[in-house]
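Subject: Structure handover

Hello,

Please find the structure below. My notes on it follow.

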Amino acid sequence: MNEFELIRRHFTQAAPDAVLGVGDDAAIVRPSPGHDLHVSVDMLVAGRHFFPDVDPEALGHKTLAANLSDMAAMGATPRWAVLALALPQLDGAWVEAFARGFFGLAAEHGVSIIGGDTTRGPLTLSVTIFGETPHGQALRRDAAQAGDDIWVSGELGLAAAALQQRLGRLSLDLPPECRRQLEWPQPRVALGRALLGIAHAALDVSDGFAADLHHILDRSACGAEVWLDALPTHPALHGARAQLLSCIAAGGDDYELCFTASPARAAEVEAAARQAGVTVTKVGRIVTAPGLRLLDQHGTAVTLERLGYDHFA
């Protein structure tokens with residue numbers, strides 16, 4: 001199987017919502033009238049973002065999930081994606097399983113794969129995704145307002161705990177949901193769309209809650225107070241909460257949404273979460289004084305050794 005046979009067999013599917021999909025020098029798409037186009041790119045590198053021996057079907061799922069999470073963070077409806085693969089060798093069974101996970105998640109979210117590239121090299125996966133929101137309605141990082149509640153979806157720290165265990169740095173007996181969150185994250189696309197017109201600022205939690213919240217604070221020129229005991233995690237981890245604090249507050253690979261909204265919209269936030277089938281938790285508030293204060297149950301500021309994942313550390 002050569003490069004072109006690989007593309008034809010595993011990565012060429014009909015794209016009825018594109019003007020022109022796979023098979024030409026470039027794809028052609030036409031956004032919906034009255035909508036803004038969103039574009040995001042993510043890269044995953046073996047040994048840096050995933051273990052080389054990971055289940056290839058799970059890896060295909062996660063490769064697209066990372067991009068879908070970026071669309072979710074802005075309330076965008078994902079539409080199209082292009083995929084670039086660097087593969088050490090052409091392993092037909094591996095590629096078939098990867099494609100199954102990738103296209104399975106794409107079908108779940110109505111995403112058409114409209115192009116890409118392949119080459120030989122260290123295992124590297126890159127997706128560029130396109131989505132859209134009604135004109136001027138996107139959720140952005142620069143829209144937080146003093147007095148806003150800070151919310152987070154789902155549960156934090158599960159993937160980070162699974163990673164630490166895999167690296168031999170954690171000896172706890174973890175629930176299976178931890179590894180599943182690491183390998184099969186579920187992007188909160190429905191929640192992001194449901195929050196349009198309700199939330200002010202939003203982003204996805206991929207590098208760690210504290211580090212990612214800092215991006216909202218920097219872009220919105222404000223600060224925040226966060227109640228560490230309020231950060232949601234799996235019930236099975238509550239007994240080890242102190243030991244897992246860095247995973248919960250600063251671990252990566254959560255792919256949950258962190259967003260702000262006026263306290264007056266709390267009921268609408270909770271209704272949007274129910275509509276999306278996702279839990280949400282209020283974890284703090286936006287303040288005018290710059291900086292992020294992480295507070296324990298007594299209101300005492302806590303300093304973490306690190307706030308999140310650093311790709312160059």
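Strand E6 (residues 202-205) pairs with E8 through four bridges, and the two run antiparallel. In this pairing Ala202 lies opposite Phe259 of E8. Please bear in mind that the model is predicted.

E8 also pairs with strand E5 (residues 149-153), again antiparallel and again by four bridges. There, Asp149 faces Ala261 of E8.

How many of the six residues of E8 are buried? Six of the six residues of strand E8 (residues 256-261) are, so the strand is largely enclosed by the rest of the structure. This holds for both faces: one side carries Glu256, Cys258 and Thr260, the other Leu257, Phe259 and Ala261, and all are buried.

Next, the helix packing. Helix H2 (residues 56-73) packs on helix H3 (residues 92-108) at an angle of about 35°, and their axes are 6 Å apart. The crossing of H2 over H3 is right-handed. H2 contributes Pro56, Glu57, Leu59, Gly60, His61, Thr63, Leu64, Ala65 and Leu68 to the contact, while H3 contributes Trp94, Ala97, Phe98, Arg100, Gly101, Phe102, Leu105 and Ala106. Sorted by class, the residues of this contact are eleven nonpolar, four polar and two charged.

Apart from neighbours within four places in sequence, Ser220 is in contact with Arg141, Asp142, Ala143 and Ala144.

Regards

Conventions:
Residues are numbered from 1 along each chain as its sequence is written. This is a predicted model: local features need pLDDT of at least 70, side-chain atom pairs count only at pLDDT 80 or more; totals for chains, interfaces and linings use all residues. Side-chain values use heavy atoms; hydrogens and water are left out. Axes are lines fitted to C-alpha atoms, for helices over the stretch in contact, and angles run from 0 to 180 degrees between N-to-C directions. A crossing is left-handed if the near helix is turned anticlockwise from the far one by less than a right angle, and right-handed if clockwise. Contact means heavy atoms within 4.5 Å. Ala, Val, Leu, Ile, Met, Phe, Trp, Tyr, Cys and Pro count as nonpolar, Asp, Glu, Lys and Arg as charged, and the others, Gly among them, as polar. Buried means under 20% relative accessible area, exposed over 50%, partly exposed in between (1.4 Å probe, protein chains only). Two strands pair if DSSP finds at least two bridges between them.
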